[in-house]
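Please read this briefing with the model open beside it. The points below are grouped by topic.

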Amino acid sequence: MAVCARLCGVGPARGCRRRGAAREQRRGGPGDSEPDTDTDPEEAGGGGGGATEDEEAAERIEGGRSAPHPAEAGPAGRAPLSLLELPPELLVQIFGSLPGTDLPSLARVCTTFRRILRTDTIWRRRCREEYGVCENLRKLEITGVSCRDVYAKRINPRVKSGRFMKILPDYEHMEYRDVYTCLLHRYRHILGLWQPDIGPYGGLLNVVVDGLFIIGWMYLPPHDPHVDDPMRFKPLFRIHLMERKCATVECMYGHKGPHNGHIQIVKKDEFSTKCNQTDHHRMSGGRQEEFRTWLREEWGRTLEDIFHEHMQELILMKFIYTSQYDNCLTYRRIYLPPSSPDDLIKPGLFKGTYGSHGLEIVMLSFHGKKAKGTKITGDPNIPAGQQTVEIDLAHPLQLPDIENLRDFSELSRIVLEVQEQVRREEQEQEHRQEEEDCSQQAASQPAAKPPGGEGAEGEETAAGAEGTTQDKAPASQPFVLPMGVISRNEDYPRTCRICFYGTGLIAGHGFTSPERTPGVFVLFDDDRFGFIWLELKSFSLYSRIKVSFQNAEAPSREAFDEMLKNIQSLAT
């Protein structure tokens, strides 16, 4: 603001207005702008004093340009000394390139700046560049908004196209300045990727700017067991301007259209939503109709189609539990995992099969020689936030030929041998660490060569052997599940790139007696991998979620690691 004040000839210092007036008199005419009348009264009546040459030089536009030739300097034969002498259309371009958060300070400089900042083109540019808004408010009836298809077809299929404008606000007298200040800037902190707190089930919410709305989209896995199908999504809430300077929050839950809701930003990286009209969530047929509708949407089937009694219990339990959260939900921010050129594949979100629990969302991230799969959605056995699988990238597995691979006992023997090797290496590492601690405590004695030298050499040899194994591994090799291993999806790939030793987390109902058991991580391609749970004799197939989530990148590696730790501690 101080820089702008110097450029336009006014400022917060006492007497700047009088100096500005004297300067205009020396130039031969009155000033073309009044100073801002919202300044302090003492400044308006401050003492005078002519502007020195140094002060006038400080008010010139920075850049160190030499004075132009009198013939090229315009009618007055000189270069502009302040921003106020520039054409208004040029000032609109300059102000439109500034961050929107700086424009209120700029408007307090003088009345000319304030008048120019009323130009809606400036705010339209800021809405487009900062939040992706590109619709023209004056041509809504002609061009439409991206929400036209969303609300006419997805949210309320009963609404006919001719009645569409009735469910949209009246934008005739709306301005982009109001859209920016009262909608986008006010609710900017809730944009991004979030995990709702729905007990063990979790979820995935992406809050985005969609046209002239802010919409919270809940992403759901496809129906079991079609893991390669695209994600499903439905709106949970929307925010828009019904009137100037007044943002309206509406709950989208239920089948009766949008209704009154509320959003509260609890603290950093956490907010909550509340429905003020929960009667819109109820159906005329009672809970039985609500359950059957939920079952068709959630599972794509009816209760008569599910013959497994245990699966029926799990489905009914999920419906009862999640129905308690239809009026109030708390969300915590999550980030997409950062990537590195050394990663085995690109990290990200995957949907995977989990037996009777159906499809769940897992986040794959890489941490040096380890890869971790963290549940974003969960179940009563392994809740959301827990680390479902861990892959040891330092221990690749050489699968037997296709005939021997069908023998489960042969695969189990290979995996258990690697498990024993990993256990010995961990013990050796602990022993070397204890020796180093003892040597540091006995600092007065001469340092002896640690006995773990041979072990380190052996470890290096083993690592070299592992590297050789990876180098010798073919680009693809035949793959088939061993006999007796259960898979929800029989349409899994029949070739794989490489396999690694890993562990999977299993537990009883209510996350009781959790333990890590050995397994096999199978990489099929850049977008699919699998995991064989040896103890359960079960196979999970994972497929990448190919959705471009907005505002979901982690600001740093440390922020992502902290996020993982937080959601796991909450799940525990």
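Helices (H or I, at least four residues) and strands (E, at least two) are DSSP runs, numbered from the N terminus. Ser-272, for instance, lies in strand β7, residues 270–275. This is a predicted model, in which local features need pLDDT of at least 70 and side-chain atom pairs count only at pLDDT 80 or more, while totals for chains, interfaces and linings use all residues. Residues are numbered from 1 along each chain as its sequence is written, and side-chain values use heavy atoms, with hydrogens and water left out.

**Overall picture**

- The protein has 17 helices and 19 strands.
- Of its 572 residues, 46% are buried (buried means under 20% relative accessible area, exposed over 50%, and partly exposed in between, with a 1.4 Å probe and protein chains only).
- The accessible surface comes to about 29900 Å², and carbon and sulfur atoms account for 50% of it (areas come from the Shrake-Rupley method with a 1.4 Å probe; for residues, only the protein chains shown count as cover).
- Among contacts with a separation of 6 or more, 61% are between residues 24 or more positions apart (contact means heavy atoms within 4.5 Å).

**Buried parts**

- Helix α11 (residues 176–184) is largely enclosed by the rest of the structure, because seven of its nine residues are buried.
- The buried residues of α11 include Tyr-176, Asp-178 and Val-179.
- Ser-272 has 12% relative accessibility and therefore counts as buried.
- Beyond its neighbours within four places in sequence, Ser-272 is in contact with His-262, Ile-263, Gln-264, Val-266, Leu-329 and Thr-330.

**Salt bridges**

- There are 28 salt bridges in the structure (a salt bridge is a side-chain nitrogen of Lys or Arg within 4 Å of a carboxyl oxygen of Asp or Glu).
- Arg-126 and Glu-129 form one of them, at 2.8 Å from N to O.
- Both residues lie in helix α8 (residues 120–131), three residues apart, which is about one turn of the helix.
- Arg-126 is buried at 6% relative accessible area, whereas Glu-129 is partly exposed at 44%.
- Asp-228 and Arg-528 form another salt bridge, with their closest N and O atoms 3.9 Å apart.
- Asp-228 is in the loop between β3 and β4 and Arg-528 is in strand β18, so this pair ties together parts that are 300 residues apart in sequence.
- Lys-370 and Glu-390 also form a salt bridge, with the closest N and O atoms 3.9 Å apart.
- Lys-370 is in strand β11 (residues 370–375) and Glu-390 in strand β12 (residues 387–397), so the pair ties together parts that are 20 residues apart in sequence.

**Backbone exceptions**

- Most residues other than glycine have a negative phi, and most peptide bonds are trans.
- The peptide bond joining Asp-224 and Pro-225 is cis, with omega about 5 degrees.
- Pro-225 sits in the loop between β3 (213–220) and β4 (232–243).
- Ser-513 is not a glycine, but has a positive phi of about 50 degrees.
- Ser-513 is found in strand β17 (residues 512–523) and counts as exposed at 64% relative accessibility.
- Lys-537, also a residue other than glycine, has a positive phi near 50 degrees.
- Lys-537 is in the loop between β18 (528–533) and β19 (538–544), and is partly exposed at 39% relative accessible area.
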